Each structure stands twice: as C-alpha cells, then as structure tokens.
Amino acid sequence: MHPIRTRPRSRAVTLVVAALVAATAMLGPSPAYAADDTERPTAPGPITVTAIDTTSVELTWAASTDNVGVVGYAVSAMFEDNGRTWSTGTNSIRITDLRPSRTYTFGVAGLDAAGNRSPSSPTLRVTMPPGDTQPPSAPGQPVAYDVAATLVWLRWAPSTENVVLDRYEVYRVDAGGQLTLVRELYQFPPRPTMTQVSGLTPNTTYTFVVRARDEAGNWSALSPPVTVTTLPPPPSCAVRTVVRQWSDGFVAYLAVENTGTTAVNGWTMTWRFWASQQVRALWGAQVVDRPDNSYLRVRNTSHNALIRPGGTVSLGVIASGTQLPEEITLNGGVCVAADE
C-alpha cells in the first residue's frame, strides 16, 4: 500500500488564516447576542427644554444605560387624551408641528437592540407660547328646542375661529346680570353646538348665554341671550288604549287622563316607536320629532292644550309596523295603564 500524501497548504491560505486569528484577538470577546439580552435599560434622566417657539420644542435628557447598549429612545407627547410618538437615536430631539398655547406632557423611554424598553423618564408638562391674539366670533343666539320640567336643550350657531377653537361655555344669567357657568362643551374633537342643561326648577324662568374660547385663551363676546320657562312638574296620568291591528299596521285610540291635582296647560306626549315605522295619520296632536328614532313625540293642538285635574285628552294614530304604543309619557311623567 502507498502512504497517503497530503498536499502542502499554500502560502496564501496560511496568511489568510493567520490574519483572521489576529483580528479575532484584537476584537476581544463577542458581545451578547440581542436574543440573549433580557435586561431593560435604565430610565432616562429628567427632560429639559433647550429651545421653544410657538409650534416647536427641543428636548434633551440624561442618557439611559444598558448592559449591552442603548440604540435609541421613544418620545411621546400627550394633549388631553390624544398622543403622538417619535423616535431618535440620541438623547435629544426637536419636535415640530405643535399647536400654540397647548399644554403637552412629554415622556421618554430608552430602547436596546433586543427591544427591551426602559421605564419612562419623569414626564414634563410644557405649555407652548401663544401664537394667536384674535378671539373667536360670538356664538349665535341659543335656541331652546326641547324644554322639560327640570332640563332644557340648547343649540346655537357656531363661532368662527382663525386657529383652533377650544370650547364653549354656557352661562345662566342670574338676577343683576351675574353669570353662573352651567356647562362646558369642549371642541377637541369638534362636537355639535348643542347641550343639555339639567338640574333646573320646574315652572321657572331662566336666561342663558354662550361664549367661545380658543386654544390661546382668547374669549369671544357673549352670545345674545335666550330666555325660557321650564314646564310644571310632570303630571300624574293614566292612559287607556284601544287598538285595531292588521298584519303590517294598526290604528290606536289613546285617552290620557290627568290624575294629578294641577292643571296641565300645554303638553308633549311620547311613546315607543321604531325607526322602521311610519305615521300614516294622526289626530288630536301634532308630531314634534322622533328622539333617537326609538320614540314618537307629539304635542297638543290649539284646542286641547289644557287638561284640568280629572280631565282627559283623546288622540289617535294610524301607523305601519307591529310596535303598538307603550311607555307613554305626558310632559315627562309616565302614564300608567288605566283599567278598562
């Protein structure tokens, strides 16, 4: 047998291997793999403001430390219930597209290569400098479109604003012209210019005005006032209902008795009425609206507004559907079913 001969290693290969060994020795031990790192960075230090104008701010903070290395920071800004986030590879950032006069709450957290997130830094509240000196226009005169014994619904034409509207405030005008705040309607996000004022006294006259505020703190002039008288306390009432029904509709005759001791002078009545139903005919009352598409609301005609104690008002309706009149109210008072 012939001995096995190995081929001599070339000089070039020998030099490459030697170079790799030398380079490894110079680099030292390998760093921990990201997948093996479960240690969170430390929380960044307190945030400080280094520059600010009406729409931007520059922030810096003491850097986080980590057993392997911090690769970046997550920066957050909260305004009321709305937030935004940014990322940066250094311990400072310049944030733009902010709003004048808004108060933001900033926070910072460190991140390492394994995705471990540090505890948040102490938050910093910053109110941006004002950049708007023009007040909103005065709201339109409020309209009392739904009045009950202890509450009233108001609506008004909106103010116009050159930047951002912050809120409306509704005031009760007391004797001597003193204003008492009764409702705030914030406009972030924008909302319909309507609100309910509750906790009122039955059969009492009130005057209300509205004004607007923008985000820079500029106030509009007061709206023209509206004066409204709440209804008397809801009467006690009983109702008798006679119904003739067919497959896709019915006719209902309602006799509503005032069982209280006080006369009712002007009334509204509601009963359950689904959105899919339609009024085919109505007598003894006039349709007002359909709140929430779940009820039908009607009111008196010119000749049956007064219901004396023990008196009765009669009305009738022809409607589609199979939902018969029930949950009947008179001026907010629930009418009990009367014995036939």
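**A walk through the predicted model**

F208 stands opposite V226 in β14. Its strand is β13 (residues 205-214), and four bridges join β13 to β14, the two running antiparallel. Strands here are DSSP runs of E with at least two residues, helices are runs of H or I with at least four, and both are numbered from the N terminus. Two strands pair if DSSP finds at least two bridges between them.

This is a predicted model: local features need pLDDT of at least 70, side-chain atom pairs count only at pLDDT 80 or more, and totals for chains, interfaces and linings use all residues. Residues are numbered from 1 along each chain as its sequence is written, and side-chain values use heavy atoms, without hydrogens and water.

Now the sheet. Four strands form an open sheet in the order β11-β10-β13-β14, with antiparallel pairing. At its edges lie β11 (179-186) and β14 (226-229), each pairing on one side only.

Next, the aromatic rings. F79, Y104, F106 and F188 form one aromatic cluster. Rings of Phe, Tyr and Trp (its six-membered ring) pair if their centres lie within 6.5 Å; planes under 30 degrees apart count as stacked, over 60 as edge-to-face and the rest as tilted. The rings of Y104 and F106 have centres 6.1 Å apart and planes at 35 degrees, so this pair is tilted. Y104 is buried, with a relative accessible area of 6%. F79 is buried too, at 10%. Buried means under 20% relative accessible area, exposed over 50%, partly exposed in between (1.4 Å probe, protein chains only).
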